[in-house]
Amino acid sequence: MRQKESRQDFQFPIYGEVSDLPFDEIPAFLKEGVAGICLEGSATVEVFGHPHSVGKNDLLVLFPYIQACMKERSSDFGMRFFKVPASLFHDMMSGLYALTLDFYFWMQRHCTYRLNDNEVARFLHFLDLVRMRAEHPLRWFRKDSVIQILHVFYLDLYVAYQARPAAQKKIAYSHKENIAYRFIGLVMEHLPESRELLFYARKMNLTPKYLTQVMSEMSGRSAQEWIISFTLYAIKGHLQNFDLSVKEVAALAGFPSQSNMSRFFKHYTGISPTEFRNTFIGKPESDE
């Protein structure tokens, strides 16, 4: 019954307003993926702090769970795009192929693609087709129909990823890669709740030792190092929101106090949160 209701209530709009993008000038972890074409103007999209230029005829594709923000947007910047909630994204990808850690990182570095005029026209037609399927008179048909169409789009990205020369040399550890990707998703989802390795290992029914072994093998970094890195990403992202005090940033990042967060931050960066905000962002602020 619930499955039928979810199909009956399914909506998948196509957006044309930049304000509907799932990110703004403040870095944040995306709960929705996004894919769209820039029709005019230009902007800089940062993914985990790395800038990507987006201009006319550029296709932008971002997966859920990455940290993104928009910088230096021109006044005439415009896009047409769709958004994919994380749950729908995983349902769709699981029916296509295993979303490995390597592909996840590759898409962070290759999130923009310059299209020619014919390719732009085809993508806009693709968006129209998605919209028509999402508005089909048979409501129960909408969700499955949209997922099938999106399969084609994301399959093209996966083919480009697999066409790399490095992909031919890659040894596949699909089970371990899936563990690694699931771990990263859990960290992003539960980070304010816990920074303890045991917390995530229990959620995955793994021992901390095995989880650390898998993450080290798949990424060259331990599971605890990943938790620390994403904690720092979250703190730095919140610090760019000038409406938040350092104390409020600490609460949002899951620390019991401002001093506790400040000690953590300084231990791994060498500077205090206030110094980071002043030095790297440029807004003078005294210690609270």
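Visitor: Which helix gives the most to the lining of the largest pocket?

Guide: That's H10, with four residues. Bear in mind that this is a predicted model. Strand E1 (28–29) and helix H7 (174–190) also give two or more residues each to that lining.

Visitor: How many residues line the largest pocket, and which lie nearest its centre?

Guide: There are 19 lining residues, and Phe29, Lys31, Met188, Glu189 and Pro192 lie nearest the centre. The space inside comes to about 430 Å³.

Visitor: Why is Glu248 called partly exposed?

Guide: Its relative accessibility is 38%. Buried means under 20% and exposed means over 50%, so at 38% Glu248 counts as partly exposed. Glu248 sits in helix H11 (residues 246–252), and its C-alpha atom is 8.0 Å from that of Gln258, 10 residues apart along the chain.

Visitor: Which residues touch the most other members of the largest nonpolar core?

Guide: Among them are Phe12, Phe82 and Phe183, in a core of 80 residues. Helix H5 (residues 139–162) gives the most to this core, with nine residues.

Visitor: What is Phe183 in contact with, leaving aside its neighbours within four places in sequence?

Guide: Its partners are Tyr200, Met204, Leu211, Met215, Ala223, Trp226 and Ile227. Contact here takes heavy atoms within 4.5 Å.

Key
Residues numbered from 1 in each chain as written. Predicted model: local features only at pLDDT ≥ 70, side-chain atom pairs only at ≥ 80, totals over all residues. Heavy atoms only, no water. 1 Å grid on protein atoms, 1.4 Å probe; cavity = no way out; pocket = protein on both sides within 12 Å on 5 of 7 lines; lining within 4 Å. Points joined across faces, edges and corners; volume = space filled by probe spheres on them. Core = buried A, V, L, I, M, F, W, Y, C linked by side-chain atoms within 4.5 Å. Buried < 20%, exposed > 50% of the residue type's maximum accessible area, 1.4 Å probe, protein only.
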